Amino acid sequence: AHVDPKALGRPLLVFVEITLSAKSGDVFDQVRQALLLMPEVMECHLVSGSFDYLVKARLSEMAQYRNLLADILRCIPVPCQSHSYVVMEEVKETTALVVLG
């Protein structure tokens, strides 16, 4: 079943890139545990590349986003840098996975 986020009062979609200043198994575990407890976070991925985590959150308004970002930055045990992207238009979003034969 697909639920319309707007119908639930959560029309704001935000992606956040998080770059940690130090990396270790313990740091990754602490960040993972904190992000798992945040109900606004729909997805969180530890990625390779120029940043460490990509977070997808669905929110009611910008004030809620400010609070979420503060919570994320507060839970990270080492200094970090973040970049946020507020979605203006959702062009395509699917959970379908094409099975190749």
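Glu90 and Arg58 form a salt bridge, with their closest N and O atoms 3.0 Å apart; the term means a side-chain nitrogen of Lys or Arg within 4 Å of a carboxyl oxygen of Asp or Glu. Glu90 sits in the segment after strand 4 and Arg58 in strand 3, so this pair ties together parts that are 32 residues apart in sequence. Strands here are DSSP runs of E, at least two residues, and helices are runs of H or I, at least four, numbered from the N terminus.

This is a predicted model, where local features need pLDDT of at least 70 and side-chain atom pairs pLDDT 80 or more, while totals for chains, interfaces and linings use all residues. Residues are numbered from 1 along each chain as its sequence is written, and side-chain values use heavy atoms, without hydrogens and water.

Arg58 is buried at 5% relative accessible area, and Glu90 is partly exposed at 37%. Buried is under 20%, exposed over 50%, partly exposed in between, with a 1.4 Å probe and protein chains only.

Glu93 and Lys56 also meet in a salt bridge, at 2.5 Å, N to O. A network of salt bridges links Glu43, Lys56, Arg58, Glu90 and Glu93.

Now the rings. Phe28 and Tyr53 have ring centres 6.2 Å apart and planes at 70°, so the pair is edge-to-face. The rule takes rings of Phe, Tyr and Trp (its six-membered ring) with centres within 6.5 Å; planes under 30 degrees apart are stacked, over 60 edge-to-face, the rest tilted. Tyr53 is buried, at 3%.
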